[in-house]
Amino acid sequence: MTRIRVAGAPYERGRQYGTQARDRVRLSVQAYQRVFAHYAGWDWPAVRRAAAGFEAPIAAFRPAYLDEMRGIADGAGLDLADVLAINVRTEVMYAAKARQAPLAARGPVPPAECSAFAVVPAPGDTQTATLLGQNWDWLLHSAQTLVVLEARPDDGPDFVTVVEAGLLAKAGLNAAGLGLVTNALVTDADLGAPGLPYHVLLRAILDCSTVTEALTVLQAGMRSSSANYLIAHASGAALDVEAAPGDFTRLYPQLPEAGVLLHTNHFLSPRLHPVDLSLWAMPDSAVRLHRLRAGAAGSPTLGDLRVLLADHADYPHSICSHPDPREHPLEQGATIASVLMDLNARRLWLAVGNPCRSPYQELDVSWLGAPAAAGAAV
């Protein structure tokens, strides 16, 4: 487990991040050069040109995030275009998938991503914690680029996120008690048009103090790609937001049922406007959702959820995902990390790799929201 600690203004935080994770950030760029060539048929100069189209939408939304990416690039000895390219990797890969969908022959198939859940108490229940978690499943190279990023911004709440080196954010928890987990989705509208990228929006949600504020962030501009954002708060508020490319009219909120929110990699909304390609691209999503529903009935405890995240039904395409040796090496996926959070206690547990064989370790996040010591080293 590589832990990166950063503090200060956006550029300075980015530079600290890029410096401390230099080798892993550079490995992310090298790995995605191969990945983009395989999935989209693009060489790296073409990827950089496509990524440059996202600079203006990000600048109009939150220019500080571009400053952060510039800092990452400088710290890692790369160009901004390289770091921007890996932060829009979803837009490149799933746009390629959407373009292939009308074809009879299946092209390269990305691995499924993530089984996620939230468990929230009923109003008046002060004994039950708000729990949040997921298995993050992705390409095998990301096991070598995984980092825990611990940030103390001077312009927002402290946060911790489990993320690929060089990316702004993924699943995480902030000092305000807000937690975030997520799932990839894909529709026929995922064509890679420049807009607000998925990983930039994940970062923006971790800057929020409430679930309502997070929903407002998702409505702040034209989103470039489909994604699912499962957001919860220590107060017991929770919302799952399925998002298709576009503006606020293409957000589809899902509410908890019997205190539980569950999501995998396909849309659940019955009123979706674009065509959902998720089950075509990630067919194991349906069985994983069934297993989540079977395992999260009632009032599951942290122990129950650990068992659920290690489930092997429909192996290897299970909640606890393992590589399928029959697949192309660049299409094989696995559970890269498993994350559990108790939002009330501000506690986070991480299993690096498959939770069936990797024990959960509790990360010390007691620093979230604590006053910074004068002159403390980062």
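Mentor: Strands (E, at least two residues) and helices (H or I, at least four) are DSSP runs numbered from the N terminus. The model is predicted, so local features need pLDDT of at least 70 and side-chain atom pairs count only at pLDDT 80 or more, while totals for chains, interfaces and linings use all residues. Residues are numbered from 1 along each chain as its sequence is written, and side-chain values use heavy atoms, with hydrogens and water left out.

Trainee: Over how many bridges do strand 12 and strand 13 pair?

Mentor: Two strands pair if DSSP finds at least two bridges between them. Strand 12 (residues 333-342) and strand 13 (residues 347-352) pair over six bridges, in the antiparallel sense.

Trainee: What is the order of the strands in the open sheet?

Mentor: The order of its six strands is 11-2-3-12-13-14, with antiparallel pairing. Strand 11 (260-263) and strand 14 (361-363) are at the edges with a single partner strand each, so one side of each has no neighbour in the sheet. On average, neighbouring strands of this sheet are turned by 20° against each other, direction ignored.

Trainee: Which strands does helix 12 lie across?

Mentor: Contact means heavy atoms within 4.5 Å. Axes are lines fitted to C-alpha atoms, for helices over the stretch in contact, and angles run from 0 to 180 degrees between N-to-C directions. Helix 12 (residues 302-309) lies across strand 2, strand 3 (131-139), strand 12 and strand 13, and runs at about 175° to strand 12.

Trainee: How is the packing of two helices described?

Mentor: It is described by the angle between their axes and the distance between the axes. For helix 3 (residues 44-52) and helix 6 (residues 80-87), the angle is about 80° and the axes are 9 Å apart. Helix 3 is therefore roughly perpendicular to helix 6; angles of 65 to 115 degrees count as such, under 35 as roughly parallel, over 145 as roughly antiparallel and the rest as oblique. Among the residues that meet are Trp-44 and Val-47 in helix 3 and Leu-84 and Ile-86 in helix 6.

Trainee: Is Glu-257 buried or exposed?

Mentor: Buried means under 20% relative accessible area, exposed over 50%, and partly exposed in between (1.4 Å probe, protein chains only). Glu-257 has 64% relative accessibility and therefore counts as exposed. Glu-257 is found in the loop between strand 10 (251-254) and strand 11.
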